[in-house]
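Okay, thanks for making time, everyone. I'd like to walk through one model with you today, so let me put it up.

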Amino acid sequence: MAASNSFYDLYRHGSLGTTLTDALDELIGDESIAPQLAMKVLTQFDRVVAETLQEKVKSRLTFKGSLDTYRFCDEVWTFLIRNVTFKMDGNQGQVVADKVKIVSCSAKRNDDK
Amino acid sequence: MADSNQVDRNRDISPELETLEYQPDWPVPQVQNFVATANLDCRIDLYHLSQQARNVEYRPRRLAAVIMRIRDPRTTALIFASGKMVVIGAKSEALARLAARKHAYAVQKCGYKPKFLDFKIQNIVASVNVGFNVRLEGLANRYHAVGARYVPEIFPGLSFKQYLGNNADGSPRSSPTLLIFTSGKIVVTGAKTEDDVKVSFGRVYPLLFDFRFDSDPTSTTK
């Protein structure tokens, strides 16, 4: 997780990140952009997502389920939870899932303020 | 004055107590926790183990061991790179052994070839309630010379270390400590066998009656 930039790159694995990566790969294939530019875009993406989630996102989510397994290694938590119910702000309905995997990094990085 | 700091392990307060047997109507300490160690006799790459095994934590800067938990028996194990292991939380000697084997199996599933050497119970913790309040200060005053310690500013319980002497073959027995509280609740810790638990409690229980006190007779709390 410790990359050459000071933000986590784990958001690249979400829906938004993978779509961006696919689009950039296509542009590189067409030779419309240089690979270094794509790298810069992704690094910018890391920073923007991290900052936006931290500052702009206020909604809350709670969830309940049974913990199947846990792991803590390299300062990263990985949880596998079964029979999960997610609830958004208020009674806007809920989402259920059989298996949920949560990968979680510390909000404080040791090289950050 | 120097002598009063020394504990005379051989002196008994009362000769009759030496031969006093454990009475059947006396309360029996309930074992709560067993701590055991075992040697898997194989070098382990802790980083690799923390990535392969389930339900593990590894914080190398904090502790040079992988912390693994299993659900049945519900126990926590500390596994070291040397292959040595500590297993905590089992409720009986047999369960401690079973748990240690399950932890060893988890290590095996990660590609190692563990053995199961030198399994040993290192500590047994038990608790008991004598059912009456105890005047700790009086108890400490009488038995200070044989190991009773009571400093309420430091800790609200009286600690009473028991020296059980040797086994029949000459090997030393464990020295369990009893933590006695005003409520009459007692914790026995430091024993290596369940018999040591019972014997050490049996030595102290009769001594408590001289310091029994009943606080508020109309109180509903026991």
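Let's start with L53(A), which sits in helix α2 of chain A; helices here are DSSP runs of H or I with at least four residues, strands are runs of E with at least two, and both are numbered from the N terminus. L53(A) counts as partly exposed because its relative accessibility is 41%; buried means under 20% relative accessible area, exposed over 50%, and partly exposed in between, with a 1.4 Å probe and protein chains only. Together with Y11(A) and V57(A), L53(A) makes a nonpolar surface patch of about 230 Å² accessible area. A patch takes residues with over 30% relative accessible area and no salt bridge, joining like charges within 9 Å and nonpolar side chains (Val, Leu, Ile, Met, Phe, Trp, Tyr) within 5 Å. The areas come from the Shrake-Rupley method with a 1.4 Å probe, and for residues only the protein chains shown count as cover.

Before going on, some housekeeping. This is a predicted model, where local features need pLDDT of at least 70 and side-chain atom pairs count only at pLDDT 80 or more, while totals for chains, interfaces and linings use all residues. Residues are numbered from 1 along each chain as its sequence is written, chains are lettered from A and ligands numbered from 1 in the order written, and side-chain values use heavy atoms, leaving out hydrogens and water.

On confidence, the model scores ipTM 0.78 and pTM 0.81. Chain B averages a pLDDT of 90, with 88% of its residues at 70 or above; pLDDT is the predictor's confidence in each residue, from 0 to 100.

Now, how many salt bridges are there over all chains? Twelve, taking a salt bridge as a side-chain nitrogen of Lys or Arg within 4 Å of a carboxyl oxygen of Asp or Glu.

Is D46(A) buried or exposed? D46(A) is buried, at 0% relative accessible area, whereas R12(A) is partly exposed at 22%.

Over in chain B, E57(B) and R69(B) form another salt bridge, again with 2.6 Å between the closest N and O atoms. E57(B) belongs to strand β2 and R69(B) to strand β3, twelve residues apart. E57(B) is buried at 10% relative accessibility, and R69(B) is partly exposed at 35%.

There's also a network of salt bridges linking D68(A), R82(A) and R54(B).

Then we have D195(B) with R173(B), a salt bridge at 3.5 Å, N to O. D195(B) is in helix α6 (residues 194–208), and R173(B) is in the loop between β9 and β10. D195(B) is partly exposed at 46%, as is R173(B) at 22%.

Staying with α6(B), its buried residues include V197(B), F201(B), V204(B) and L208(B). An α-helix has 3.6 residues a turn, so residues three or four places apart point the same way.

Last one: the UniProt record, an unreviewed entry, annotates residues 64–107 of chain A as "domain: Transcription initiation factor IIA gamma subunit C-terminal". UniProt positions are in the numbering used here, feature names are shortened, and annotations may be inferred rather than shown by experiment. That span is 80% strand and 0% helix, with its end C-alpha atoms 22 Å apart.
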